[in-house]
Amino acid sequence: INLQIGCYLGFALTWQCLLQKCRDEKNSKKIRALDSLIGMIQKFPYEDPMYDKLQEDLEKIRGKFKQVCSMLNIQSDFRIGTERSSLTF
């Protein structure tokens with residue numbers, strides 16, 4: 001889970017940085033969605049495996065990630081292969 005969440009955070013921070021350079025109404029919506037995703041990730045309780053809403057919050061983060069990918073016109077596909085880790089966007 002930490003690998004996946006960390007990947008989402010890196011993705012969001014990178015795109016946030018890229019979109020800051022050209023601010024217009026279209027990019028403002030994307031930046032707000034990225035800010036929301038980053039906020040959700042920062043509040044995620046990594047150290048508490050007994051957190052009762054762990055799955056619920058994780059699903060919300062995954063949903064927001066897919067929404068952001070859709071807004072950026074990027075295919076979201078997170079896979080961890082059996083031979084080695086692989087990420088594709």
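The model is predicted, so local features need pLDDT of at least 70 and side-chain atom pairs count only at pLDDT 80 or more, while totals for chains, interfaces and linings use all residues. Residues are numbered from 1 along each chain as its sequence is written, and side-chain values use heavy atoms, with hydrogens and water left out.

Start with the fold. The chain has three helices and two strands. Helices (H or I, at least four residues) and strands (E, at least two) are DSSP runs, numbered from the N terminus. Along the sequence, the order is α-α-α-β-β. Helix α1 spans 2-20 and helix α2 spans 25-43. Helix α3 covers residues 54-71.

Now the chain totals. Of its 89 residues, 33% count as buried. Buried means under 20% relative accessible area, exposed over 50%, and partly exposed in between (1.4 Å probe, protein chains only). The accessible surface of the chain comes to about 6,100 Å². Carbon and sulfur atoms hold 51% of that surface. These areas come from the Shrake-Rupley method with a 1.4 Å probe; for residues, only the protein chains shown count as cover. Among contacts (heavy atoms within 4.5 Å) between residues at least 6 apart in sequence, 58% join residues at least 24 apart.

Next, go inside. The largest nonpolar core has 20 residues. Such a core is a set of buried Ala, Val, Leu, Ile, Met, Phe, Trp, Tyr and Cys residues joined through side-chain atoms within 4.5 Å. Ile-5, Phe-11, Leu-37, Ile-61 and Val-68 have the most contacts inside this core. Helices α1, α2 and α3 each supply at least two of its residues. Take Ile-61. Leaving aside neighbours within four places in sequence, Ile-61 touches Ile-5, Tyr-8, Leu-37, Met-40, Ile-41 and Phe-44.

Finally, the charged pairs. The whole structure holds two salt bridges. The term requires a side-chain nitrogen of Lys or Arg within 4 Å of a carboxyl oxygen of Asp or Glu. Glu-56 pairs with Lys-60, with the closest N and O atoms 3.5 Å apart. Both lie in helix α3, four residues apart, about one turn of the helix. Glu-56 is partly exposed at 40% relative accessibility, and Lys-60 is partly exposed at 45%. Arg-62 bridges to Glu-59, with the closest N and O atoms 2.7 Å apart. Arg-62 and Glu-59 are three residues apart in helix α3, so about one helical turn separates them. Arg-62 is partly exposed, at 22% relative accessible area. Glu-59 is also partly exposed, at 43%.
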